[in-house]
Amino acid sequence: MLTWIIALPFLIGGFAATLALLRRRGQLALRLFLAFDAMLLLAALAVVIVVATAGPATAEPLAAGQVAGGSNWAALLGAAIAVAGSSIGAAIAVAYTGAAALAALSERPELFGRAMVIVGLAEGIAIYGLIVAIILIGRS
């Protein structure tokens, strides 16, 4: 999953460059892409051959008293992503709802209670991310 997240900007950029190249130079671009696809196919075939001809992998048992390290990195990474994502989302939500609430309050001050409830609901997104992070860290 992490590989896809890292590769996504490159995939989007490659797709945009492909569309631009195909629009400007149709036949030449098509030949270039076919040549590139053929090279990728040969490289993938070479990887498959290397993997298929490799011997079996063996794991060495742990010595007495040794603990497998790095077993909770995924939970900690998930907790970090949950907190960061929810905090960014809450910041964006509070920015928009807060601006709208101030605009509404400047015209009708009696809407203060309703406006603060909406801003509070937007801030709740960050609390949900924090709860998810606590659950993830507790299970690691």
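**View 1. Burial and surface of the predicted model.** Buried residues, meaning those under 20% relative accessible area (1.4 Å probe, protein chains only), account for 13% of the 140 residues in the protein. The model is predicted: local features need pLDDT of at least 70, side-chain atom pairs count only at pLDDT 80 or more, and totals for chains, interfaces and linings use all residues. Residues are numbered from 1 along each chain as its sequence is written, and side-chain values use heavy atoms, with hydrogens and water left out. The protein exposes about 11300 Å². Carbon and sulfur atoms supply 74% of that area. Accessible areas come from the Shrake-Rupley method with a 1.4 Å probe; for residues, only the protein chains shown count as cover.

**View 2. Overall fold and dimensions.** The protein has 4 helices and 0 strands. Its pattern along the sequence is α-α-α-α. Helices (H or I, at least four residues) and strands (E, at least two) are DSSP runs, numbered from the N terminus. Along the principal axes, the C-alpha atoms fill a box of roughly 75 × 65 × 10 Å.

**View 3. Contacts along the chain.** Of the contacts between residues at least 6 apart in sequence, 61% join residues at least 24 apart. A contact means heavy atoms within 4.5 Å.

View 4. An unreviewed UniProt entry places "transmembrane region" at residues 6-22, 34-54, 74-105 and 117-137. Such annotations may be inferred rather than shown by experiment; feature names are shortened, and positions follow the numbering used here. Residues 6-22 are 100% helix and 0% strand, with end C-alpha atoms 26 Å apart. Residues 117-137 are also 100% helix and 0% strand. Their end C-alpha atoms lie 30 Å apart.

View 5. The unreviewed UniProt entry assigns "domain: V-ATPase proteolipid subunit C-like" to residues 77-136. This span is 93% helix and 0% strand. Its end C-alpha atoms are 9 Å apart.

View 6. Ile-127 sits in helix 4 (residues 112-139). Its relative accessible area is 48%, so Ile-127 counts as partly exposed, the class between buried and exposed (over 50%). The C-alpha atoms of Ile-127 and Ser-86 are separated by 7.9 Å. These two residues are 41 residues apart along the chain.
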